[in-house]
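Open your viewer and keep the selection tool at hand. We will go stop by stop.

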Amino acid sequence: MGKTSDLTAVQKTIIDTLHKEGKTQKVIAKEAGCSQSSVSKHINRQAKGRKKCGRKKCTSSRDNRTLQRIVTTNPFKNVGEIHKEWTAAGVSASRTTTRRLMKDMGFRCRIPCVKPLLNKKQRKKRLAWAKDKKDWTDAEWSKVMFSDESKFCISFGNQGPRVWRKSGEAQNPRCMRSSVKFPPSVMVWGAMSSAGVGPLCFLRSRVNAAVYQEVLEHFMLPAADQLYGDADFTFQQDLAPAHSAKTTSTWFKDHGIPVLDWPANSPDLNPIENLWGIVKRRMQYARPNNAEELKTTIRATWALITPEQCHRLIESMSRRITAVIEAKGAPTKY
């Protein structure tokens, strides 16, 4: 960018601050994300005391504060709704001006992070659990086999990458993607430890206690042999009804497998959730045509996960627990 009029309020603040600290224009330009000539022009303009030329602003500082309050109060509104509420307050500005001012204020439109909704009792139990496990070492966590189920869907509609096309090619089959109301999907069970990942199980029906015990028998036990051999381990699972059923607890006792106590609604504490995320990101540009091709893609992507990745995730358990304690049981960034 070559004009100082293109600089946002945030960039100008960064330039002024770093200039006062004695930084070079090259360093300032890199930090502010603009060209060195823009930095130079802005600094010279400030030094000469010249006012910005051009058309007078159509909004006052008070109008801008009103806009900021509207956005902060309900950040999930779109630009049209925000503009409508702002102009209803007596401000005369276009929708383009509204968007530009929001950008100057530092607001960016992003996909919101999703976190589980926790009640007071659940937060208290999470905090107590984290305090109880805060002194666990990486060696102790490496003896835990983490498990979870995840749903994978075939990507349709407006998801995925954009398409390069010329004018008039909008309806060209080469430039179109299929769309269905209910895209095919599969539910997958998996397990991991610091040594790597175990075999995947594709669930064909609703998971009840009997189905889950079949998964444990035919997939969890082979995974334990693969990852731990004859060594002892502790199994982790969430509190889904099939997992906490009395018959499932009896199954674990009969097989002599200890189960790690686990707080409710705590996917942020389970490192296998990060593995599911890695697999889904790697599959972002895959285009399976049916459920069987989707399963093949999932297996191939899961097989690419290395023991080093798993080991790093297991090492993150101490940081996850510290984050829960600092958040007093609230959901964390993990």
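Start by selecting strand 1 and strand 5: the two pair in the parallel sense, over 2 bridges. This model is predicted. To see one of the pairings, click V144; its bridge partner in strand 5 is T234.

Pick E149, then find its bridge partner W189 in strand 2.

Next, select Q236. Look for this residue in the loop between strand 5 (234–235) and helix 10 (241–244). Is Q236 buried or exposed? Its relative accessibility is 0%, so Q236 counts as buried, the cut-off being under 20%.

What does Q236 touch? Leaving out residues up to four places away in sequence, its contacts are V144, M145, F146, S147, L260, W262 and N270. Zoom in on N270: its side chain and that of Q236 are joined by a polar contact of 3.3 Å.

Last stop: select helix 12 (residues 272–282) and helix 14 (residues 307–315). They pack at an angle of about 140°, with axes 11 Å apart. That angle makes helix 12 oblique to helix 14. Show the side chains at the contact. Helix 12 brings N274, L275, I278 and R282, while helix 14 brings Q309, C310 and L313. Colour these residues by type: 4 are nonpolar, 2 polar and 1 charged.

How values were computed: Residues are numbered from 1 along each chain as its sequence is written. This is a predicted model: local features need pLDDT of at least 70, side-chain atom pairs count only at pLDDT 80 or more; totals for chains, interfaces and linings use all residues. Side-chain values use heavy atoms; hydrogens and water are left out. Helices (H or I, at least four residues) and strands (E, at least two) are DSSP runs, numbered from the N terminus. Buried means under 20% relative accessible area, exposed over 50%, partly exposed in between (1.4 Å probe, protein chains only). A polar contact is a pair of N or O atoms within 3.5 Å; within protein, one must be able to donate a hydrogen and the other to accept it, and residues adjacent in sequence count only if both atoms are side-chain atoms. Contact means heavy atoms within 4.5 Å. Axes are lines fitted to C-alpha atoms, for helices over the stretch in contact, and angles run from 0 to 180 degrees between N-to-C directions. Angles under 35 degrees count as roughly parallel, over 145 as roughly antiparallel, 65 to 115 as roughly perpendicular and the rest as oblique. Ala, Val, Leu, Ile, Met, Phe, Trp, Tyr, Cys and Pro count as nonpolar, Asp, Glu, Lys and Arg as charged, and the others, Gly among them, as polar. Two strands pair if DSSP finds at least two bridges between them.
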